[in-house]
Amino acid sequence: MNKSPDKILANITAMGMYVPEYVLSNAELEKTVETSDEWIQSRTGIKERRIVAKGEATSHMATNAANKLLAARGISAEEIEVIIVATVTPDMMFPSTAALVQNNIGAKNAWGFDLSGACSGFLFALQTGAQMIETGRYKKVIVIGADTMSSIIDYTDRNTCILFGDGAGAVLLEPSCKYGVIDAKMRIDGSGGKYLHMKAGGSLNPASHDTVDNKMHYIFQDGKSVFKFAVRGMADISFDISERNNLKSEDIKLFIPHQANKRIIDGSANRLGLSDEQVFINIDKYANTTAATIPIGIVEAFESGRLIKDDNLIISAFGAGFTCGAMYIKWGMNHAL
Ligand code: UT7
């Protein structure tokens, strides 16, 4: 699926990330549920995660990430035409978090919306934003992945409370004739919904005393089943995108996978035949921030010099839905240093 010579590509030209200050360590969780730092690290790779302060929500993190992006690119918010926020933890059911971000940053010429794709949300949003650029209709689209997972976690449930954290990452897409999104493959499979979901708060089970008493506003996950599907799903789709673009393992500079479990990441990396240096991992610091893991990964990889112009980047994710996706990006930014 190599690009045709005159095709407009959606290139990442700036980015920003935000994580809350408060660090919730494994040691801290040992005090509240029956778990251990050793169990968490060996089964997941997680050491700590960030948690929002009271009153701080998804729009605050997303706004911070977007403002950093604007500062990095040196442009005014008025130049932004579209804002897409991938999240499963919007501040409210409506208005959209995109509307809150638009107002916060002063993007008065933009429209936008939220997109619900769980852990694959950023990939789905990036694909959507990329196509807006590729048609030629838009020149500046902000794509954000942001989730406040602490708002839907039961901190007495050791099966889920150790896994998640809060954070946001944002990228700016602009047209290029050479760099950007080359190919993407996305999937959705609703038969997996029973393994990972939140039962209440939507139109099926609106908030009531009953839903609260029965803890239905928290994440439910059958971890073992999701694990099985995720290992296979993320490895397969990452392999497919590489194979159909004729990328051999040595052609891939960096693989930035969704950060849900280090063992799932290792499975995909092995399938692609990648060495440790080719795989980006920060699950130890932030845990699973759902839609934010990949954009945060992109920011940290770029800022630490692991991505430079002309590199081949693969990003991929698997999450609730089930959803999954992988994307091949020809990286187009020179390192700032
Ligand atoms: O991003 C969205 C997609 N989500 C994922 O990709 C997550 C997929 N799942 C996972 O990452 C893993 O399944 C978990 C990390 C959630 C669990 O790891 P596991 O190796 O699959 O453990 P398990 O579910 O097989 O549980 C093993 C044991 C169980 O005890 P028994 O039944 O063997 O006595 C659990 O009760 O570990 C127990 N356990 C814990 N022990 C200490 C579960 N959570 C904990 C805990 N600390 N926090």
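This is a predicted model: local features need pLDDT of at least 70, side-chain atom pairs count only at pLDDT 80 or more; totals for chains, interfaces and linings use all residues.
Local features were taken only at pLDDT of at least 70 and side-chain atom pairs only at pLDDT 80 or more, whereas totals for chains, interfaces and linings use all residues. Residues are numbered from 1 along each chain as its sequence is written, and side-chain values use heavy atoms, with hydrogens and water left out.

Helices (H or I, at least four residues) and strands (E, at least two) are DSSP runs, numbered from the N terminus.

Several side chains place an N or O atom within 3.5 Å of a ligand N or O atom, the limit for a polar contact. A polar side-chain atom of Arg263 lies 2.9 Å from an oxygen atom of the ligand. For His258, the distance from a side-chain N or O atom to a ligand oxygen is 3.0 Å, and for Trp39 the distance to a ligand nitrogen is 3.4 Å. Taken alone, the ligand exposes 950 Å², and the protein buries 75% of that (Shrake-Rupley method, 1.4 Å probe).

Ile142 lies in strand S6 (residues 141-148) and is buried, with a relative accessible area of 0%. Buried means under 20% relative accessible area, exposed over 50%, and partly exposed in between (1.4 Å probe, protein chains only). Leaving aside residues up to four places away in sequence, Ile142 touches Leu69, Leu70, Ile80, Val82, Ile83, Ile84, Ile105, Val171 and Leu172, a contact being heavy atoms within 4.5 Å. The C-alpha atoms of Ile142 and Thr35 are 39 Å apart.

Two cis peptide bonds are described here. One runs from Phe94 to Pro95, with Pro95 in the loop between strand S4 (82-86) and helix H4 (97-105). Another joins Gly321 and Phe322, and Phe322 is in the loop between strands S12 (312-319) and S13 (323-330). Asn246, which is not a glycine, has a positive phi near 55 degrees; Asn246 is exposed at 57%.

The structure holds 14 salt bridges, each a side-chain nitrogen of Lys or Arg within 4 Å of a carboxyl oxygen of Asp or Glu. In the bridge between Arg73 and Glu174, the closest N and O atoms are 2.6 Å apart. Arg73 lies in helix H3 (residues 58-73) and Glu174 in strand S7 (residues 166-176), so this pair ties together parts that are 101 residues apart in sequence. Glu174 is buried at 6%, while Arg73 is partly exposed at 33%.

How values were computed. A polar contact is a pair of N or O atoms within 3.5 Å; within protein, one must be able to donate a hydrogen and the other to accept it, and residues adjacent in sequence count only if both atoms are side-chain atoms.
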